[in-house]
Amino acid sequence: MPEIDYRLAFEHAPVGMVVSSNRTIVACNQRVCEIFGAEPSALVGHSFSILYPSVAEFERIGKRMEPFLNASGHYADNRMMKRLGGLHGALAGETFWCHVTGHAMNRAAPHEAGIWTFEDLGSRRAVKAELTPREREVAAQVMRGLTSKEIGKALGISHRTVELHRARLMRKYAAATTAELVQKLIAG
């Protein structure tokens with residue numbers, strides 16, 4: 001059996017891959033560079049925060065995922081991310097939906113070291129509606145198929161507040177049903 005070059009497999013994986021330490025990018029593959037429209041030098045050594053629409057969202061999502069990483073070592077969600085731009089036709093600051101999956105190397109200190117994958121759900125289409133940070137969080141949970149009560153519990157807000165945000169999302173995306181909203185969210 002031939003010896004496998006794992007570095008080569010990492011570099012040419014069909015999904016974006018990142019190795020992290022304390023929420024800082026230590027290594028990334030070419031697909032991540034394509035997704036975020038950046039050279040490796042613009043990513044390696046930098047905090048993941050540069051890939052979020054805001055630092056507040058970076059911090060909020062980091063806190064939200066920590067209990068999951070502590071419990072199982074894994075976390076996955078769909079979230080809005082931000083392209084750095086300048087490479088592969090990406091526009092700087094363009095937001096898009098991204099499926100993110102992570103594995104903590106140490107459950108007791110989940111951000112200490114991790115392996116993350118990124119899949120662009122937006123098919124290179126920009127998000128068409130301007131969303132508030134809370135609307136983005138609710139939208140990500142709606143895309144997971146959660147009810148308003150489940151979303152409220154996950155985000156620490158009332159289900160009525162979730163319903164208000166869902167109604168605003170449906171208005172902004174001109175969606176008549178939740179299924180139509182999810183389809184439009186994915187499409188951008």
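I began with burial: a residue counts as buried under 20% relative accessible area, as exposed over 50% and as partly exposed in between, with a 1.4 Å probe and protein chains only. By that rule I noted Tyr-75 as buried, because its relative accessible area is 7%.

**On the model.** This is a predicted model, in which local features need pLDDT of at least 70 and side-chain atom pairs count only at pLDDT 80 or more, while totals for chains, interfaces and linings use all residues. Residues are numbered from 1 along each chain as its sequence is written, and side-chain values use heavy atoms, with hydrogens and water left out.

**Aromatic pairs.** I looked up the rings of Phe, Tyr and Trp (its six-membered ring), which pair if their centres lie within 6.5 Å, planes under 30 degrees apart being stacked, over 60 edge-to-face and the rest tilted. The structure holds six such pairs. In one of them, Phe-36 and Phe-118, the ring centres are 5.7 Å apart and the planes stand at 80°, so I wrote the pair down as edge-to-face. Phe-36 belongs to helix 2 (residues 30–36) and Phe-118 to strand 5 (residues 114–120), so the pair ties together parts that are 82 residues apart in sequence. Helices (H or I, at least four residues) and strands (E, at least two) are DSSP runs, numbered from the N terminus. Phe-36 is buried at 0% relative accessibility, and Phe-118 is buried at 3%.

I then turned to Phe-68 and Tyr-75, whose ring centres are 5.4 Å apart with planes at 50°, so this pair is tilted.

**Charges over rings.** A charge sits over a ring if NZ of Lys or CZ of Arg is within 6 Å of the ring centre and within 35 degrees of the ring normal. I found Arg-83 over the face of Phe-96, at 3.9 Å from the ring centre, and Arg-23 over the face of Phe-58, at 3.7 Å from the ring centre.

**Positive phi.** Most residues other than glycine have a negative phi. Arg-23, however, has a phi near 65°; it sits in the loop between strand 1 (16–21) and strand 2 (24–28), and is buried with a relative accessible area of 14%. Ala-174 has a phi near 50° and lies in the loop between helix 7 and helix 8 (178–187), where I recorded Ala-174 as exposed, with a relative accessible area of 55%.
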